[in-house]
Amino acid sequence: QRWLRGSVVEAAGGLQMINCVTFPLPGEGPEQQLLKPDEWSYCDYFWADKKDPQGATSLPGFEVLLQKQLKGKQMQKEMSEFIHERTKIEEEYAKNLSKLSLSPLAAQEEGTLGEAWTQLKKSLHDEAEVHLKFANKLHTEVEKPLLTFRGDHFKKDLKKYDHHMADLRKQLASRFASVEKARKALADRQKDLEVKTQQLEVKLSNKTEEDIKKARRKSTQAGDDLMRCVDLYNQTQSKWFEEMVTASMELEKLEVERIEWIQQHLRQYTTLRHETDMFNQSTVEPVDQLLQNVDPSKDRELWVKENKTGEVRPVDMDI
């Protein structure tokens with residue numbers, strides 16, 4: 001972050017200098033129209049510098065845009081970490097389901113109910129496979145793309161933007177310093193000319209007319225120097241302005257791309273989630289069918305046939 005020493009200088013003609021940038025005074029001059037009305041575009045809202053809480057320094061508006069990019073990169077990384085944790089939960093769930101499907105509990109259940117129970121346990125194994133596939137797809141189709149989108153070169157590219165715009169601000173500050181120096185030189189020359197003229201008028205000095213002409217030439221030269229410095233300042237500020245518009249629009253485009261990329265892959269998450277629900281439903285459908293076929297009478301018949309001890313009933317004893 002590049003924090004600037006805050007400075008505000010009121011200039012002539014309804015202008016004010018803020019950190020070496022020329023702005024109109026509030027309420028003065030023609031009303032400025034937004035470059036991209038109704039779009040809340042970056043190029044319209046980050047010309048001023050942002051003051052820190054203490055107010056001693058300020059952060060250039062372009063730095064605020066760069067911070068947004070860095071924050072976006074961090075948010076993207078954290079989303080990937082979140083999906084990674086989600087994937088681990090699915091893997092653990094699949095592992096536990098598969099383990100439970102092998103449980104011997106109630107393995108001796110018989111008949112149509114036993115068939116339904118066996119199918120239910122098998123459905124856990126099938127469901128485990130579904131969740132494991134879901135976890136694998138989460139890793140390859142959501143987590144990894146979020147993590148690898150805009151690699152390490154991205155921060156390097158942002159630094160190039162940062163250095164370029166910072167250099168332009170330094171150039172602007174240097175031009176502004178030249179203007180202030182030239183303005184002071186002109187004031188000194190004008191004061192010197194005024195003093196010499198007054199001295200000649202009241203004959204307090206033996207200065208000749210030639211001295212007055214010499215002072216006037218120096219004053220004129222100082223005025224020309226000031227105009228040249230102001231012209232160079234305006235050229236530098238215009239270049240900074242153009243670069244600000246171009247760079248801020250590029251950062252805006254990058255942010256749109258980031259949001260759309262994340263949106264696309266979060267939608268993929270919901271698609272995979274819906275598919276998982278559908279496949280899970282298919283694993284229990286055979287269980288539903290067998291449960292509908294459970295018949296207590298049939299089970300009793302099968303059990304009795306296999307376990308009967310005799311069908312001749314007792315009778316009364318004779319004397």
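The tour goes to a pocket and then to a cavity.

This is a predicted model, in which local features need pLDDT of at least 70 and side-chain atom pairs count only at pLDDT 80 or more, while totals for chains, interfaces and linings use all residues. Residues are numbered from 1 along each chain as its sequence is written, and side-chain values use heavy atoms, with hydrogens and water left out.

Begin by selecting Phe 23, Pro 24, Gln 32, Trp 47 and Phe 241, which lie nearest the centre of the largest pocket among its 19 lining residues. Two or more residues of this lining come from each of β4 (21-24), α1 and α5, and α5 gives the most, with five. The pocket holds about 480 Å³ of space, and its lining divides into twelve nonpolar, six polar and one charged residue.

Next, select Tyr 42, Cys 43, Asp 44, Tyr 45, Phe 46, Trp 47, Met 244, Val 245 and Ser 248, which line the largest cavity. The structure holds one cavity of 30 Å³ or more, and the volume of the largest is about 30 Å³. Colour α1 (42-45) and α5 (209-292), each of which supplies at least two residues of this lining; the largest share, four residues, comes from α1. By class, the lining has seven nonpolar residues, one polar and one charged.

On a 1 Å grid over the protein atoms alone, a cavity is a set of points where a 1.4 Å probe fits but cannot get out, a pocket is an open set with protein on both sides within 12 Å along at least five of seven lines, and lining residues have an atom within 4 Å of a point. Grid points are joined across faces, edges and corners, and a volume is the space filled by probe spheres set on the points. Helices (H or I, at least four residues) and strands (E, at least two) are DSSP runs, numbered from the N terminus. Ala, Val, Leu, Ile, Met, Phe, Trp, Tyr, Cys and Pro count as nonpolar, Asp, Glu, Lys and Arg as charged, and the others, including Gly, as polar.
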